[in-house]
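Hi,

Here is the structure I promised to pass on. Have a look at it first, and then read my notes below.

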Amino acid sequence: MTTSPAVERLLARMKRLPVLSSFVLRFQHLLSSPNCNTGQIAELLSEDPVVTGRIIRLANSPLFHRYKEVTSVREAVVFLGLEQVREVVLSLSIISLFPLKAGEKCFDTHLFWHHSLSSAHIARHLAGAYSLASPEEAYTAGLLHDIGKILLNHFFPEEYGKVVQKALQMGGNYLAYEREVFGADHCEVGEALALKWALPRELTATLRFHHNPSPEMSPLVALVGFSNLFSKQIGFAFPWEFRPLIFSSDPFWRRLCQHREDLAKIDEELFTFQIEDVVPRIREIIAMSMKGDD
Ligand SMILES: [Fe+2]
Ligand SMILES: [Fe+2]
C-alpha cells in the first residue's frame with residue numbers, strides 16, 4: 001500500500017500528526033494477553049487519572065441502575081467487564097486526539113463521533129454473533145473507518161467547511177467534493193494515517209475501501225462498509241447522506257451473506273432494536289469525552 005502524491009502533500013501540511021498514546025498501546029497489549037486479570041487492568045488504568053475518572057463515572061451513570069456507588073477503578077472494571085472497558089478506553093483515547101477548536105462550525109463533530117461509535121458497535125455485534133471477524137478488530141475498524149474526515153477537518157477546518165457546504169447545497173458525491181478541494185478523499189487520508197500508526201493491514205484496508213465494495217473484499221471490509229450504511233439508517237447520518245438501505249441489494253451485505261448464509265434470514269427489526277439498545281451508552285461516552293471532567 002502506497003500513498004498518492006496528493007496525500008503526501010496533505011500530510012506534509014499537517015504540523016503534528018496525532019499519535020496513539022503509549023498508554024493505549026500498552027492497554028491493548030495487556031488485554032490481548034491470555035493471562036491478564038482485573039487487578040492488572042485496574043493498575044494500568046490508574047496511571048491515567050482522566051480515563052480512570054471517566055470509567056468510574058460511566059459505571060455510576062443512570063444507564064446501569066446500580067444501587068451502590070462504584071468508587072474504585074477495580075470495581076468499575078469488574079462491573080463493566082473487560083470488553084466494555086476496552087471499548088470505552090479506545091473510544092475516549094481516539095476522540096481526545098481531536099479536541100474541538102474554536103471556530104469549527106461547519107463539520108458536526110458530535111454527529112461524526114455518534115456515527116463512528118455506532119458503526120463500531122454494529123460491526124462488533126455482527127462480527128461476534130456470526131463469527132465473521134474478530135469482534136475487537138471489527139470494533140476498532142468501525143470506530144476508525146472515517147478518521148480521514150476528522151483529520152482533514154482538524155487541520156484544515158476552512159477547506160473542509162467548503163466540502164460540507166457543497167454537500168449541503170448540492171447533495172450528491174461527497175468523496176468527489178473532498179477530492180475537488182484536497183486532491184484526495186477521506187478514505188485515502190485515513191489509510192495514510194493507519195499506515196503511519198502501523199495498524200494491521202486488514203484494518204487499514206477497511207479505512208480505504210469502506211465506500212468501495214468489490215467481489216474479493218474481506219469480511220472485515222464488508223462488515224465495516226455495511227456498518228457505515230446501517231449507522232446512517234438508524235439516524236447517524238449527515239443531511240446529504242439519508243437514503244434507505246435495502247439489505248438484499250447492498251453489495252457489502254451480500255458479501256457477508258456469502259460467508260454466512262444464515263445472515264440472509266436475519267430479523268431486520270430485531271437487529272435494529274439490538275443496535276439501538278446501545279445508543280444511550282454511546283451518547284454517554286461522547287458526552288463524557290467532549291464535556292471534560294468538570
Ligand atoms: Fe467514509
Ligand atoms: Fe462512515
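Which domains does the domain assignment of the protein give? There are two entries: domain 1 covers 19–96, and domain 2 covers 102–291. Before you go further, keep in mind that this is a predicted model.

**The overall picture**

The protein has 17 helices and 0 strands. Its radius of gyration is 19 Å, close to the 19 Å that the globule rule gives for 294 residues, so the protein is as compact as a globular protein of that length.

The centres of domain 1 and domain 2, taken over C-alpha atoms, are 24 Å apart. At the place where they touch, 14 residues of domain 1 are in contact with 13 residues of domain 2. On the domain 1 side, the elements that give two or more residues are helix H4 (49–59) and helix H6 (82–96). H6 gives the most to that side, with 8 residues. Sorted by class, the side of domain 1 that touches domain 2 has 8 nonpolar, 3 polar and 3 charged residues.

**H6 against H8**

So what does H6 pack on? One of the answers is H8: the two pack at an angle of about 20 degrees, with their axes 11 Å apart. H6 and H8 are therefore roughly parallel to each other, and H6 passes H8 in a right-handed crossing. From H6, the contact uses Glu87, Leu90, Ser91 and Ile94, while H8 brings Tyr139, Thr140, Leu143 and Leu144. That contact of H6 with H8 comes to 5 nonpolar, 2 polar and 1 charged residues.

**H8 against H14**

H8 (residues 135–144) also packs with helix H14 (residues 219–233), this time at an angle of about 50 degrees, with the axes 10 Å apart. H8 and H14 are therefore oblique to each other. Here too the crossing is right-handed, with H8 passing H14. Look for Glu137, Ala138, Ala141 and Gly142 on H8, and for Leu220, Leu223, Val224 and Ser227 on H14; these residues make the contact. By class, the contact of H8 with H14 has 5 nonpolar, 2 polar and 1 charged residues.

**H14 against H15**

How do the axes of H14 and H15 cross? They come within 8 Å and cross at roughly 135 degrees, with helix H15 spanning residues 251–259. H14 and H15 are therefore oblique to each other. This crossing, in which H14 passes H15, is left-handed. H14 makes the contact with Pro219, Ala222, Leu223, Gly225, Phe226 and Leu229, and H15 makes it with Phe252, Trp253, Arg255, Leu256 and His259. The residues of the contact of H14 with H15 divide into 8 nonpolar, 2 polar and 1 charged.

Cheers

Technical notes:
Residues are numbered from 1 along each chain as its sequence is written. Chains are lettered from A and ligands numbered from 1 in the order in which they are written. This is a predicted model: local features need pLDDT of at least 70, side-chain atom pairs count only at pLDDT 80 or more; totals for chains, interfaces and linings use all residues. Axes are lines fitted to C-alpha atoms, for helices over the stretch in contact, and angles run from 0 to 180 degrees between N-to-C directions. Helices (H or I, at least four residues) and strands (E, at least two) are DSSP runs, numbered from the N terminus. Angles under 35 degrees count as roughly parallel, over 145 as roughly antiparallel, 65 to 115 as roughly perpendicular and the rest as oblique. A crossing is left-handed if the near helix is turned anticlockwise from the far one by less than a right angle, and right-handed if clockwise. Two residues are in contact if their C-beta atoms, placed from the backbone, lie within 7 Å. Ala, Val, Leu, Ile, Met, Phe, Trp, Tyr, Cys and Pro count as nonpolar, Asp, Glu, Lys and Arg as charged, and the others, Gly among them, as polar. Domain bounds come from an automatic or database domain assignment. The radius of gyration is taken over C-alpha atoms; the globule rule is 2.2 Å times the number of residues to the power 0.38.
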